Amino acid sequence: MAGPAHHGAIIYSTNLQCLSDFYVQLFSMQVIRETADFISLDKDGFNLIIHIPPFTLPHSSVSAVKLFFAVASIENARAQAIELGGEALDGEWANPIFTVANIVDNEGNHIQIREFARNPSALAF
C-alpha cells in the first residue's frame, strides 16, 4: 500500500504493540508504519490503524472502533450525514495530505471522514 489509506478502520488502544501483534498473528497483517501514537497494518488493501486515543474514551458514547472513509468534500459529507439522520461533530484536523473530521451515523457510530488534498505533497508513508 502506497501512502495513507482512503478507507479502513481505527481501533483505539492504550497497548499498541499487544493489539497489533494480535492482528498480525491472527490475520497475517503486515505493519506498514509505526510511530509512538499508532501502528498501521495492511492486509490485501484493508488498512487497520491501532491508535492511542486522542482523548479519554467515554464508554457510554464512543466505540473503540472507528471506520474511516475518503470523501470528495468534508462539507458535503457533513451536510449529507445530517440529512440522513446522523450528526456532524465540531472540529477538523489536517496534515499536508488530507483533512479529517468526524461524523456520527444514525445509530451513534463515529466515522472519520478524510478529504485528500488536490495536490498532496510527496510525503512517503
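A residue counts here as buried when its relative accessible area is under 20%, as exposed when that value is over 50%, and as partly exposed in between (1.4 Å probe, protein chains only). By this criterion, 35% of the 125 residues of the chain are buried. The model is a predicted one, in which local features need pLDDT of at least 70 and side-chain atom pairs count only at pLDDT 80 or more, whereas totals for chains, interfaces and linings use all residues. Residues are numbered from 1 along each chain as its sequence is written, and side-chain values use heavy atoms, with hydrogens and water left out.

**Overall architecture**

The chain contains two helices and nine strands, where helices (H or I, at least four residues) and strands (E, at least two) are DSSP runs numbered from the N terminus. Their order along the sequence is β-α-β-β-β-β-α-β-β-β-β. With contact taken as heavy atoms within 4.5 Å, 47% of the contacts between residues at least 6 apart in sequence join residues at least 24 apart. The chain exposes about 7,700 Å², of which carbon and sulfur atoms supply 54%; accessible areas come from the Shrake-Rupley method with a 1.4 Å probe, and for residues only the protein chains shown count as cover.

**The salt bridge**

The structure holds one salt bridge, a term that requires a side-chain nitrogen of Lys or Arg within 4 Å of a carboxyl oxygen of Asp or Glu. Arginine 78 and glutamate 92 form this bridge, and their closest N and O atoms are 3.2 Å apart. The pair links distant parts of the chain, since arginine 78 belongs to helix α2 (residues 74-83) while glutamate 92 sits in the loop between β6 (87-88) and β7 (93-94), 14 residues apart. Leaving aside residues up to four places away in sequence, arginine 78 touches Ala88, Leu89, Asp90, Gly91, Glu92, Ala101, Ile103 and Ile113.

**A nonpolar surface patch**

Phe22, Leu26 and Phe27 make a nonpolar surface patch of about 310 Å². Patches are built from residues with over 30% relative accessible area and no salt bridge, like charges being joined within 9 Å and nonpolar side chains (Val, Leu, Ile, Met, Phe, Trp, Tyr) within 5 Å. Phenylalanine 22 lies in helix α1 (residues 16-27).

**Accessibility of the residues discussed**

| Residue | Relative accessible area | Class |
|---|---|---|
| Arginine 78 | 18% | buried |
| Glutamate 92 | 45% | partly exposed |
| Phenylalanine 22 | 46% | partly exposed |
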